Each structure stands twice: as structure tokens, then as C-alpha cells.
Amino acid sequence: MPEQAFGTSADDEISLRDLWDILWRGKWLIIAVTMVFAFGSVTYALLAEEWYRAEVLLAPADEKSTSGLGGQLGGLAALAGVTVGGGDSAEALAFLGSRGFARDFIEDYDLVPMFYADQWDAVASQWLGADREEWPEIRDAVKFFHENILSINQDRESGLVTLAVEWLDPQVAATWAETLVRRLNTRLRERALREAETNVAYLQSELAQTSVVTLQQSIGRLLESELQKLMLARGNEEFAFRVIDEAVPP
């Protein structure tokens, strides 16, 4: 047993010596490769485009967080069983991350040429290249927007939402972040107003057509609830999310 152990140790020593000889003979190749990668890393760091990240911290709007008229009428809404604000925050987040919301934002601000500036001739206001099939379109821009520009994260414990926008210009990144929040609140607020107005019109029509007292009372309670929703939506600009920390140019 001692002789076998001694032989194994000798083999290990020879193998390490051989390995060292191999590394020593190739030392110049190792140094050259290391220098090439180091030079490439420094060059990329100096020449690569800088992307800036602007963030907005949001809180879901509810009866405890609304401001303005919505906050003043929060107690009344709570007594009536009416939710102040945009309702389900999960639905609002889904709307924020939807393709339709991104498409409308990109189209309204004509961002496709900005996203693909290397393929756009700003002087002639047209795409480069003769093949129209290779020109970027709105579907490409929406995919680029979700994969590279917009990110949404929600803290499950606190419920706070961080909306982040990354872009080459820090001021533009901050402006887009604020604009997205404002557009989200406006879109959901307008949708709630349309739904409440439709419900109010329907309930008023039904109330005028019935003569049953109990049915009139039931419709009256529903009508009162919808009227309160309508009033609260009109007076609350931060309908879905309340801004806790505004975006600043990074």
C-alpha cells in the first residue's frame, strides 16, 4: 500500500510538471489572446451607444390613495360599496403591457423611424432600400418596444409598480415614462366613463318603463352606484395608478 501511494504521488507530480511546461511554451499565445480580448472590451466600452434608464414608481389607485375629488368622496364611495380608482391593478398592468397600448403610443408619436434610425433617411423622409418587405413596420416596432425599451415590475408584498423606460437620450426616456403613465390613466378613465354612462342610460330607461315598486328600488340603487362611479371617474385623473416617484432624466 505505501509503495502504491508513493507511485501515485509521483505520477501527479510528473503530470503537473508537464502541464506547466505546456503553459510556459504557449505563454506568448496566452498573452496575445488576453491582450486582444482586453483591447476589444475597452474599444466596445468606448464606442458602444449608451442607454439611459428612467423609472416611475407607481401605486395602484384605490379609495385610500386617490387625490382630488376622488379622495374627498372616498368615504361616500366606501359606504356605497363603490371602488374608487381603476379597479383591478392586474388588469391595469395587463393593459399597460398590451400590444395595442404600445402600438397606439408608437403611432401617435411616430416612433418607428426613431427605433430604426439606421434604416431611415431623415432628409428624404423614407426608408432606405428598395425592397419594401425589408422596411420595419409597426409590428416590429411593438416587439422592439417591449423587448428593449419598456419594462414593468410589481412588488408583490407592497403592490408598488416600477415602470422603466430605456433609451439613448435620458430626457426622452424620462418623458416617455411619464407619458405612458399619463396615457394609461387617461385610457382606463375614459373606458370607465363610457361604461358608467352606458349603464346609467340603460338603468334610467329601465326605471322609466317599470311600475313595480320593488324593481324601481333595486334599479334606483344600481343607478345611484353607477352615478357615483361616473362622478368619481370624472374627478380623478390618477385613475389606475398614482405616481409616487416621478421619472427624472438619468
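This is a predicted model: local features need pLDDT of at least 70, side-chain atom pairs count only at pLDDT 80 or more; totals for chains, interfaces and linings use all residues.
Residues are numbered from 1 along each chain as its sequence is written, and side-chain values use heavy atoms, with hydrogens and water left out.

There are twelve aromatic pairs in the structure, a pair being two rings of Phe, Tyr or Trp (the six-membered ring for Trp) with centres within 6.5 Å. Planes under 30 degrees apart make a pair stacked, over 60 edge-to-face, and the rest tilted. The rings of F115 and F145 sit 6.4 Å apart, centre to centre, with 20 degrees between their planes, so they are stacked. F115 belongs to helix 7 (residues 112–115) and F145 to helix 8 (residues 138–149), so the pair ties together parts 30 residues apart in sequence. Helices (H or I, at least four residues) and strands (E, at least two) are DSSP runs, numbered from the N terminus.

## Other rings

W120 and W127 also pair up, this time edge-to-face, at 4.9 Å between centres and 75 degrees between planes. W127 is buried at 13%, whereas W120 is partly exposed at 24%.

Then there's a cluster: ring pairs link W51, F105, Y109, F115, Y116, F144, F145, W167 and W176. So the stacked partners F115 and F145 both turn up in it.

## Helix 5 and its buried face

Over in helix 5 (residues 89–96), the buried residues are A92, L93 and L96. Looking down the helix axis, they fall within an arc of 100 degrees, so they line one face; the arc is taken from the directions running from the axis to the C-beta atoms.

What do these buried residues pack against? Their partners are helix 6 (99–108), strand 4 (150–154), strand 5 (161–167), helix 9 (170–209) and strand 6 (241–245), with contact meaning heavy atoms within 4.5 Å.

## Helix 5 against helix 9

The axes of helix 5 and helix 9 come within 11 Å and cross at roughly 120 degrees. That makes helix 5 oblique to helix 9, oblique being whatever is left after under 35 degrees (roughly parallel), over 145 (roughly antiparallel) and 65 to 115 (roughly perpendicular). Helix 5 brings E91, A92, F95 and L96 to the contact, and helix 9 brings L184, R187, L188 and R191.

Note on methods:
Buried means under 20% relative accessible area, exposed over 50%, partly exposed in between (1.4 Å probe, protein chains only). Axes are lines fitted to C-alpha atoms, for helices over the stretch in contact, and angles run from 0 to 180 degrees between N-to-C directions.
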